[in-house]
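Please go through the model below with this briefing at hand. The points are grouped by topic.

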Amino acid sequence: MAADTAAGSAKTAPAAPRSRKSVTGTRRTVAALFLLPALVLLGALVVYPIGYSVIRSFYDQSGDSFAGFDNYQALFTDDGIRTALKNNILWVVFAPTVATALGLIFAVLTERVRWGTAFKLVVFMPMAISMLAAGIIFRLVYDQDPDKGVANAVWVGVHDTFAQSSAFPKAHPGRESPLEPAGGGAFVTKDTVSAGDTVTLPLVGVPPDVMPDDAKPAAAPKPEDDRITGSTWQDFTRGKGVGALNQVDSSELGYAGMRIEAVKDGEVVETATAAADGTFSFSSKADGARLRLPAGNFEEPYNGLDWLGPSLVTPAVIGSYIWMWAGFAMVLIAAGLAGMPRELLEAARVDGANEWQVFRRVTVPLLAPVLAVVTVTLMINVLKVFDLVFIIAPGSSQDDANVLALELYRKGFSEDQPGVASAIAVFLLLLVIPVMWFNVRRLRREVRR
């Protein structure tokens, strides 16, 4: 009986506690192991380059001597870097603003359109193109020759609609001509004219195959008693020894549309325009005057703007950037519009607000967080823009289109100044940090809401 009691008490005695590892410690170890590859990559690709660039920025070109803040001083004394800094300011101010504004307009206007999705796809499509390809495309778009560059083809077409270019830019008097230079590109007759006279104004220099389409075979002037008649034509016939000098031949074409002025005592008393066969006439008011072919007849054709010249290269490159990134802004803003409470818009319309007032007082304020995200993202992006400027701007105007990222490349690889290049890199980092801080702070504020 005693043995049974002892055995029962032994069975009911509590077991000794076993030591267990901390759950929190185990989780931290597992988390650290999962984060370790990412931390190694972050340190190798981000932390180390930043730290090395900061240290290298305080050394001279050779990397052996400590230069102090000399490299940072060069940021504000070197002409190339100052131009790059000025251009970066233009980029930060205009590129994000215009791209965001266009994205907002596209998103709002296509919201209720049946083909809005297709339009958004077309506008967003440039985002699928690399910066290199976009740069090559716009290098061709901005070509100076209107026959190659789309921008100048459109610009010249609009210009020539309102101001027709001259068809005779190379025309000039030939041998033994009755015309002489009058200054400024004009030509004038050597002698005065009188009523009843016939005047011939032969010119050369325009190939027959580039004469105006409405030009007809030249006709010799016919005398009239009370008028001054004349003819102006291309005094050239192909073939050696063919045609008579200063005389109208049947194979020669008249200068259709040529403008002729009768000048007396330095004043224009009458003007005339040559017909398709080159003939023209003046009234008796031109008696005693000299006939002048004004310089406007011989102006070179308008070839458009020098898009990639020193004055327009930066706006031109910014335009190509906007072409690429307006679709990005539009997609994000359209997503914000899709999540907007429609009852607020309808309430504003019921209260009598027109569409402009709804857009300005309701839509834009509600989209403010999305617009801030788009603008800040584009600002960070333009601070490091390099590809477009490097490819689009030709060598003759690349200095005028210079930006900090391009200057960093040139200092580091072309001019062998790694210390200055590192200083530019650190300076760019310092410029980006406030923008990123603002973005992070705004995101945290949104999370608290």
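Residues 121-142 have end C-alpha atoms 25 Å apart, and the span is 68% helix and 0% strand. For residues 362-383 the end C-alpha atoms lie 32 Å apart, with 95% helix and 0% strand. Helices (H or I, at least four residues) and strands (E, at least two) are DSSP runs, numbered from the N terminus. This is a predicted model, in which local features need pLDDT of at least 70 and side-chain atom pairs count only at pLDDT 80 or more, while totals for chains, interfaces and linings use all residues. Residues are numbered from 1 along each chain as its sequence is written, and side-chain values use heavy atoms, with hydrogens and water left out.

**Record annotation**

- The unreviewed UniProt entry lists residues 30-50, 89-109, 121-142, 321-341, 362-383 and 420-440 under "transmembrane region".
- UniProt positions are given in the numbering used here, feature names are shortened, and annotations may be inferred rather than shown by experiment.

**Surface patches**

- A nonpolar surface patch of about 1,000 Å² is formed by L35, L39, L41, L42, L45, V46, V47, I50, V54, L429, L430 and I433.
- Two or more residues of the nonpolar patch are given by each of α2 (23-56) and α14, and the largest share, 9 residues, comes from α2.
- L35 is found in helix α2 and is partly exposed, with a relative accessible area of 48%.
- A patch of positive charge on the surface gathers R441, R444, R445 and R448.
- R448 is found in helix α14 (residues 418-448) and counts as exposed at 69% relative accessibility.
- Patches are made of residues with over 30% relative accessible area and no salt bridge; like charges are joined within 9 Å, and nonpolar side chains (Val, Leu, Ile, Met, Phe, Trp, Tyr) within 5 Å.
- Lys and Arg count as positive and Asp and Glu as negative, while His and the chain ends are not counted; the place of a charge is taken as NZ of Lys, CZ of Arg, CG of Asp or CD of Glu.
- Accessible areas come from the Shrake-Rupley method with a 1.4 Å probe, and for residues only the protein chains shown count as cover.
- Buried means under 20% relative accessible area, exposed over 50%, and partly exposed in between (1.4 Å probe, protein chains only).

**Salt bridges**

- The structure holds 11 salt bridges, each a side-chain nitrogen of Lys or Arg within 4 Å of a carboxyl oxygen of Asp or Glu.
- K411 and D78 meet through their side chains in a salt bridge (3.2 Å, N to O).
- Because K411 lies in helix α13 and D78 in the loop between α3 (70-74) and α4, this pair ties together parts that are 333 residues apart in sequence.
- K411 counts as buried at 3% relative accessibility, whereas D78 counts as partly exposed at 24%.
- D79 forms a salt bridge with R82, and the closest N and O atoms are 3.9 Å apart.
- D79 and R82 are 3 residues apart in helix α4, so about one helical turn separates them.
- D79 is exposed, with a relative accessible area of 55%, and R82 is partly exposed, with 45%.
- R410 and D399 meet in a side-chain salt bridge (2.6 Å, N to O).
- R410 lies in helix α13 and D399 in the loop between α12 (387-392) and α13, so the pair ties together parts that are 11 residues apart in sequence.
- R410 counts as buried at 16% relative accessibility, while D399 is partly exposed, with a relative accessible area of 47%.

**Positive phi outside glycine**

- D265, a residue other than glycine, has a positive phi near 55°.
- D265 is placed in the loop between β5 (259-264) and β6 (267-273) and counts as exposed at 76% relative accessibility.
- D416 is not a glycine either, yet has a positive phi of about 55°.
- D416 is placed in the loop between α13 (404-414) and α14 and counts as partly exposed at 45% relative accessibility.

**Sequence and spatial separation**

- A348 and V362 are 14 residues apart along the chain, and their C-alpha atoms are separated by 7.8 Å.
- A348 lies in helix α9 (residues 342-350) and is buried, with a relative accessible area of 13%.
- R112 and A167 are 55 residues apart in sequence and 49 Å apart in space, C-alpha to C-alpha.
- R112 is found in the loop between α4 (79-109) and α5 (116-124) and is exposed, with a relative accessible area of 62%.
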